[in-house]
Amino acid sequence: MVATKLTLLNTSILTSFGTYTYEPLSLEEARALVGEFQREGKSIQSAIGHQTTADLLSALLGIAVAVNRTEYQQTVDDAALIFKLKGRPPEGKVLSREELEEMGYEFGLLTRKS
């Protein structure tokens with residue numbers, strides 16, 4: 001992959017104007033993507049805002065995922081690995097790991113082209 005940085009996000013979001021590609025990934029493909037960035041010594045950062053989501057991603061991806069409530073701006077040099085819930089939790093509800101797994105999730109790869 002051409003991208004120099006991989007950012008983990010817990011939603012698909014366009015952070016600035018541009019042209020993007022958003023593709024589905026299986027868990028195995030998400031793990032392979034993380035492994036590729038690790039092997040190539042490229043940066044992997046978290047923009048995951050909740051501890052239970054970070055814990056679940058750590059287990060699923062086999063890496064330490066930190067909680068990081070940061071404002072993220074994607075550039076053309078960045079790729080974003082999206083962890084997206086298949087449902088919407090009630091407002092203000094912090095889900096447990098079991099509730100996250102019960103709701104279901106999917107992965108995607110968001111890249112900015114311009």
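This is a predicted model: local features need pLDDT of at least 70, side-chain atom pairs count only at pLDDT 80 or more; totals for chains, interfaces and linings use all residues.
Where is Glu23 found?

1. Glu23 lies in strand S2. Glu23 has a relative accessible area of 40%, so the residue counts as partly exposed. Leaving out residues up to four places away in sequence, Glu23 touches Phe107, Gly108 and Leu109. Take the pair Glu23 and Leu109. In sequence they are 86 residues apart. In space their C-alpha atoms are 5.2 Å apart.

2. **The sheet.** Five strands make an open sheet. The order is S2-S5-S4-S1-S3, and the pairing is mixed. Strand S2 (20–25) and strand S3 (43–46) are the edge strands, each pairing on one side only. From one strand to the next, the twist averages 20°. Helix H1 (residues 27–39) packs on this sheet. H1 touches strand S1 (5–9), S2, S3, S4 and S5. The direction of H1 makes about 120° with that of S2.

3. **Strand S5 and its partners.** S5 covers residues 105–112. On one pairing, S5 joins S2 through 6 bridges, and the two run antiparallel. Tyr22 stands opposite Leu110 of S5 there. On another, S5 pairs with strand S4 (residues 78–85), again in the antiparallel sense, over 7 bridges. Two bridge partners can be named for this pairing. Leu81 has Leu109 as its partner in S5. Leu85 has Tyr105. How much of S5 is covered? The strand is mostly covered, with 6 of its 8 residues buried.

4. **Aromatic pairs.** Over the whole structure, the search finds 3 aromatic pairs. One of them is Phe83 with Tyr105, whose ring centres are 5.0 Å apart. Their planes stand at 35°, so this pair is tilted. The pair links distant parts of the chain: Phe83 is in strand S4, Tyr105 is in strand S5, and 22 residues separate them. Phe83 is buried, at 2% relative accessibility. Tyr105 is partly exposed, with a relative accessible area of 23%.

5. Phe107 is buried, at 5% relative accessibility. Phe83, Tyr105 and Phe107 together form one aromatic cluster. Phe107 is also one of the residues that Glu23 touches.

6. **Salt bridges.** The count comes to 2 salt bridges. Lys5 forms one with Asp78, and the closest N and O atoms are 3.9 Å apart. A cut-off matters here: the nitrogen must lie within 4 Å of a carboxyl oxygen, so the pair at 3.9 Å is counted. The pair links distant parts of the chain, as Lys5 is in strand S1 and Asp78 is in strand S4, 73 residues apart. Is Asp78 buried or exposed? Asp78 is buried, with a relative accessible area of 4%. Lys5 is partly exposed, with a relative accessible area of 23%. Lys42 forms a salt bridge with Glu40, and here the closest N and O atoms are 2.9 Å apart. Glu40 is partly exposed, at 44% relative accessibility.

7. **Thr7 in strand S1.** Thr7 sits in strand S1. Its relative accessible area is 0%, so Thr7 is buried. What does the side chain of Thr7 make a polar contact with? The partner is the side chain of Gln45, at 2.9 Å. Thr7 touches Gln45, Ala47, Tyr72, Ala79, Ala80 and Leu81, with residues up to four places away in sequence not counted. Leu81 returns here from point 3, where its bridge partner in S5 is Leu109. Leu109 in turn is touched by Glu23.

Technical notes: Residues are numbered from 1 along each chain as its sequence is written. Side-chain values use heavy atoms; hydrogens and water are left out. Two strands pair if DSSP finds at least two bridges between them. Helices (H or I, at least four residues) and strands (E, at least two) are DSSP runs, numbered from the N terminus. Axes are lines fitted to C-alpha atoms, for helices over the stretch in contact, and angles run from 0 to 180 degrees between N-to-C directions. Contact means heavy atoms within 4.5 Å. A salt bridge is a side-chain nitrogen of Lys or Arg within 4 Å of a carboxyl oxygen of Asp or Glu. Buried means under 20% relative accessible area, exposed over 50%, partly exposed in between (1.4 Å probe, protein chains only). A polar contact is a pair of N or O atoms within 3.5 Å; within protein, one must be able to donate a hydrogen and the other to accept it, and residues adjacent in sequence count only if both atoms are side-chain atoms. Rings of Phe, Tyr and Trp (its six-membered ring) pair if their centres lie within 6.5 Å; planes under 30 degrees apart count as stacked, over 60 as edge-to-face and the rest as tilted.
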